[in-house]
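Biologist: Could you take me closely through the sheet, strand by strand, and through what packs on it?

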Amino acid sequence: MDFNPSSTQLFYQLIDKNISERELILADVRRNSPKLADRVDELLKHANNDSAIDALEVHLSTATEKNTCYESLIVDRYIVGHELGRGGFASVYYATRSDSLFHHQYAIKFFHPEILGLLGQKVLFSEAQLLANVSHSNIAKVYDAGTYHGAVYIVMEYVDGMNLHHYLSAHSLSFEQKLVLFRDICLAV
């Protein structure tokens, strides 16, 4: 290889290659950077774990209305308000501080019990820590995390707006405006 890729870059270069091609490239990388090759090899093993993907899909399909409603609860130092949205992994609620120290709006994400059971608390808190370390104008900031009666939650910046589908339906954008929006999303990702 003629450049020094990150493990993520190398992973995406190899993900669609057949096993023999992967092994040749990883052997080349291993000569100069054994740690990089080991990290990517581990990522590739997990990427091809179809049983984990199947299990995740089953759990996500069961994450329906049976999930707990957190509206009007006080969780740690946050007053939980109305539901903002719900997906396969979590439900997100509007929240404010329960004390008078700060007057701030938050979004608080409660992971569904199925996801907690599948991934575990440690993985969810690791993900929260990774997000807390990110600083980008198009990514909501993470302020806090914790557990409430066994449910893992993450407290994030509240962004008043609409999802992409509703935004595109409500605004007539030119092709160029759509490209700019797409670029901004890609930069955040």
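Modeller: Two strands count as paired if DSSP finds at least two bridges between them, the strands themselves (E, at least two residues) and helices (H or I, at least four) being DSSP runs numbered from the N terminus. This is a predicted model, in which local features need pLDDT of at least 70 and side-chain atom pairs count only at pLDDT 80 or more, while totals for chains, interfaces and linings use all residues. Residues are numbered from 1 along each chain as its sequence is written, and side-chain values use heavy atoms, with hydrogens and water left out.

The sheet is open and has 6 strands in the order E1-E2-E3-E4-E6-E5, with antiparallel pairing. Strand E1 (74-75) and strand E5 (142-148) each have a single partner strand, so one side of each is left without a neighbour in the sheet. Helix H6 (residues 121-132) packs on the sheet and touches E4, E5 and E6, contact meaning heavy atoms within 4.5 Å; the direction of H6 makes about 165° with that of E5, where axes are lines fitted to C-alpha atoms, for helices over the stretch in contact, and angles run from 0 to 180 degrees between N-to-C directions.

At the E1 end, 2 bridges join E1 to E2, and Ile-74 stands opposite Ile-79 in E2. The hairpin of E1 and E2 has 2 residues between the strands, and Asp-76 takes a positive phi near 55° there. E2 is in turn joined to E3 by 6 bridges, with Tyr-78 partnered by Arg-97 in E3 and Gly-85 by Val-92; this hairpin has 3 residues between its strands.
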